[in-house]
Amino acid sequence: MKAEDQNEVVYVVDDDPSARESLCWLLGTEGIASQAFASAQAFLEYWSSDCNGCIMVDIRMPGKSGLQLQEELNARHNLMPVIMLTGHADVPVAIRAMKQGAYDFLEKPYADEELLTCVKTALELGREISDAESEKNRVAGALENLTEREREVMCLVVEGNTNKVVAAQLGISAKTVEIHRARVMEKTAARSLSELVRICLILKDKL
Amino acid sequence: MSYCCRGRRFSVCLGLVCLVLVSVWPAALKAQAEMQIGVLAFRGKQDALERWSPTAKYLSQRIDDHGFKIVPLTLEGMRSHVEQDKLDFVLTNTGNYVVLEDAFGISRLATLKVRHLGQDFTQFGAVIFTRRDHPALNRIADIADHTMMAVSRNAFGGFQMAWREMIEVGVDPFADLERLRFIGFPQDEIVYSVLERRVDAGTVRSGTLERMAAEGLIDIGSIKVLGAKDSDAFPFLHSTRLYPEWPFAKARKTSEELAQRVAIALLQLEPDSTAAASAFAAGWTIPLDYGPVHELFRQLEIAPYVYLGKPSLTSVWREYKGWISFSLAMMLLLMMMLALIGRANRRISQSELKFREEANQRRQAQELLAKHKDELEARVAERTAELAESNRLAQENQAQLAHISRLNTMGEMATGIAHELNQPLTAILNYSNGSLRLLQKRGNGDSELHEAIVNIGNDARRAADIIKGLREFIKRGEHKHEHFNLRNCIDSAVDLLHPRLDQYDIEVRINCTDDVTDIVADRVQIEQVVVNLLVNAVDAVGAADQPAKEIGIDIVSTDSGAVAVAVSDNGAGLPANVIEHLFDPFFTTKSEGMGMGLSISRSIVEAHGGTIEYLVDEAQRPTFRFTLPIT
């Protein structure tokens with residue numbers, strides 16, 4: 001297992017003790033770390049934005065239901081994929097959960113391969129999302145360091161303008177544009193123009 | 001000269017005396033002896049003078065110290081002359097005599113002896129007759145309902161005599177006849193009318209028929225006399241009593257002595273004398289009894305009032321002092337009684353008036369009722385049909401709801417069982433699958449153990465399949481997607497619970513935003529949800545002690561394009577440990593409940609893509625709120 005897997009956890013939220021404990025045991029046989037919670041409320045109390053991995057929630061629970069938990073997590077900008085565990089009758093609810101952004105749902109009792117495939121892909125997705133988020137945070141931090149002029153130059157360059165055009169638009173010399181551009185590359189750690197474009201796309205909303 | 005002068009003076013004196021005598025004597029003689037004989041001139045003055053002047057002349061001759069003069073008078077004239085004492089003697093018809101005798105005390109001296117067809121009579125009557133071949137008339141009483149003809153109402157022989165006889169057999173000529181005609185004189189016309197069938201019966205003075213037969217005008221054999229009477233010494237046909245002929249009477253003022261001399265003179269009148277002949281008489285006889293005439297008038301109640309015209313006040317007072325006093329006393333008594341009766345009558349008529357008014361009102365009301373009856377019946381029938389139809393629909397709806405409810409309950413039970421069993425089955429499968437993985441990973445080749453664990457998993461899956469099959473066997477039908485008005489749906493759910501709402505006297509208040517009431521869903525299922533929530537609310541407030549029990553239903557649209565229905569009550573609300581398990585199958589706080597209602601409701605709402613929750617609203621009222629997407 002990779003080092004980064006170590007802090008990946010499957011959070012199991014189910015009011016039925018045997019169901020959640022057996023699930024955790026099964027995940028354990030595949031070397032997947034898990035943590036069990038008896039209610040949505042208990043999990044919400046534990047949850048923080050630092051948690052990594054994915055969440056498996058039984059839709060039907062006393063107190064807050066799986067859907068309500070999901071809504072609450074959405075409100076907290078949770079990035080971990082959520083897998084809904086349902087009974088036969090809960091398909092419409094599961095569909096709603098999907099619309100609310102659930103990653104997948106599993107009908108109890110589920111086949112183990114299906115379960116493990118679903119969990120593994122979810123963890124992978126979680127990892128990607130997490131990576132993207134940290135990259136985003138990184139470039140966002142880098143962008144913070146750009147001066148106003150550097151930011152102007154970057155935006156025009158990313159739009160595909162030559163140094164000359166940029167210089168004409170900003171009313172400065174092409175040489176100065178050249179210097180600003182090198183600074184931007186350096187600060188954002190972009191090795192090429194295409195990489196700079198990608199960074200700009202990620203942070204489009206922040207520009 | 002002087003003698004001569006004296007002689008001339010004497011002759012002048014004598015001449016003067018003679019002149020005086022000539023001028024004065026006849027006047028003195030007249031004032032002393034001329035007697036006024038009032039005569040009823042029934043055929044005019046001239047006729048009366050011609051008829052009776054010879055009699056006056058005869059009397060003047062027989063009674064030398066008196067002159068007699070005929071004064072022709074009408075009935076009225078006769079009356080006023082007698083009343084003012086202008087007459088000494090009266091010569092009038094039988095009826096008039098009786099009236100004057102009554103009123104002014106004239107008294108008869110002799111009765112006329114009439115000569116008719118060579119025979120002499122002192123009496124006369126009337127004959128009532130028809131034609132011989134008349135089939136219906138045989139007695140006087142038969143005239144009832146037939147037509148009759150007579151001279152006039154006031155004609156003594158020409159009607160009144162017959163009138164009396166008819167009254168005596170019970171026929172009132174003025175009331176019981178088909179028609180009564182008076183045609184006046186001459187009486188011959190009456191005879192012709194009967195014979196020529198213009199009238200059924202007639203009455204004429206006795207002797208008329210015989211005279212007409214003698215003159216060859218009629219055949220007396222074609223006449224049938226009704227109520228014919230047989231009287232000795234009266235040869236003419238008659239149907240009535242006989243009454244005396246004209247009397248010669250004296251006024252009250254005339255002296256007995258003179259009256260006696262006049263009576264003697266009349267009785268001594270020769271039958272063939274000029275005086276008798278010109279009066280168509282055979283002379284005079286001793287006065288007859290005029291009592292029957294009085295009887296007739298009394299019986300017919302006609303004289304003297306009708307026949308005489310108006311009597312003067314003084315004469316009436318003089319004549320009827322006693323009677324008037326008595327009558328006045330009686331009238332006074334009568335008026336008092338009348339006043340009493342009148343008062344009673346007024347009271348009666350007032351109550352009668354009231355009664356009539358009421359009857360009238362009742363009749364009007366009845367008419368009004370009758371008028372609207374058809375319309376009303378039609379409306380009643382229409383309304384009845386409408387009610388029957390809505391009743392049928394309500395029953396259908398209720399039956400459908402009950403059916404769905406049963407299905408839902410079973411489905412929900414199966415779901416509940418499946419969910420509860422699925423948890424351990426899932427656990428079993430987790431454990432068996434995990435065990436297989438561990439066996440594989442650790443390279444342990446115990447195929448027997450491996451097979452047993454595989455079997456555990458297979459049997460667990462089979463159990464899960466059985467449950468799934470059971471659930472699908474009872475599973476709810478596909479939800480319908482129909483457009484309907486949520487407000488109507490809720491109204492009909494409230495209607496369904498009316499008996500229970502009334503039983504606990506609970507008021508239901510519905511607030512609705514109009515624009516969110518049309519939705520697409522399964523109407524019956526949604527109604528089931530509302531019914532379930534209402535039942536819980538009714539149980540909650542019904543048990544409570546509030547004086548004003550209230551259930552509120554608020555229908556509002558939400559920000560996320562859904563409609564929310566909140567059912568609240570003013571009951572005590574739910575404790576926390578109950579709230580946690582509210583929607584669990586088989587969870588209930590009611591002794592008789594199954595604990596499926598809210599579980600089913602949640603299934604339905606969620607199946608429609610909505611949510612259901614319990615909360616306490618701003619007014620601190622326990623509330624169940626469910627949402628449904630509008631499309």
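Start in chain B, where S16(B) and strand S18 (residues 549–557) run parallel and are joined by seven bridges. Helices here are DSSP runs of H or I with at least four residues, strands are runs of E with at least two, and both are numbered from the N terminus. Within that pair, Val508(B) has Ile551(B) of S18(B) as its bridge partner.

Some housekeeping. This is a predicted model, so local features need pLDDT of at least 70 and side-chain atom pairs count only at pLDDT 80 or more, while totals for chains, interfaces and linings use all residues. Residues are numbered from 1 along each chain as its sequence is written, and chains are lettered from A and ligands numbered from 1 in the order in which they are written.

Back to the sheet. S16(B) and S18(B) belong to an open sheet of five strands, ordered S16-S18-S19-S21-S20, with mixed pairing. Two strands pair if DSSP finds at least two bridges between them. At the edges sit strand S16 (506–512) and strand S20 (612–616) of chain B, each pairing on one side only. Ignoring direction, neighbouring strands are turned by 20° against each other on average.

Chain B has a further open sheet. Its five strands run in the order S9-S8-S10-S7-S11, again with mixed pairing. Which strands of chain B are its edges? They are strand S9 (179–182) and strand S11 (223–226). The twist averages 30° from one strand to the next. Inside this sheet, S8 (residues 147–150) and S10 (residues 201–205) of chain B are parallel and joined by two bridges. Met148(B) has Ala201(B) in S10(B) as its bridge partner. Helix H6 (residues 188–195) of chain B packs on the sheet and touches strand S7 (126–131), S8 and S10, at about 155° to the direction of S10(B). Axes here are lines fitted to C-alpha atoms, for helices over the stretch in contact, and angles run from 0 to 180 degrees between N-to-C directions.

Now a helix pair. Helix H4 (residues 94–104) and helix H10 (residues 291–300) of chain B have axes that come within 10 Å and cross at roughly 85°. So H4(B) is roughly perpendicular to H10(B); that label covers 65 to 115 degrees, with under 35 roughly parallel, over 145 roughly antiparallel and the rest oblique. Thr94(B), Gly95(B) and Val98(B) of H4(B) meet Val293(B), His294(B) and Phe297(B) of H10(B). Contact means C-beta atoms, placed from the backbone, within 7 Å. Those residues divide into three nonpolar, three polar and no charged. Nonpolar covers Ala, Val, Leu, Ile, Met, Phe, Trp, Tyr, Cys and Pro; charged is Asp, Glu, Lys and Arg; the others, Gly among them, are polar.

Chain B overall: 18 helices and 21 strands. Of its contacts with a separation of 6 or more, 76% link residues 24 or more positions apart.

Next, the interface. How many residues of chain B are in contact with chain A? The count is 28, against 21 residues of chain A. Helices H12 (313–441), H13 (447–474) and H18 (597–607) of chain B each supply at least two residues to that side. H12(B) gives the most, with 16 residues. By class, the chain B side has ten nonpolar, eleven polar and seven charged.

Last, confidence in chain A. Its pLDDT, the predictor's confidence in each residue from 0 to 100, averages 86, and 94% of the residues score at least 70. Over residues 1–5 of chain A, pLDDT stays under 50. Where pLDDT is low, the predicted coordinates should not be read in detail.

How values were computed
Contact = placed C-beta atoms within 7 Å.
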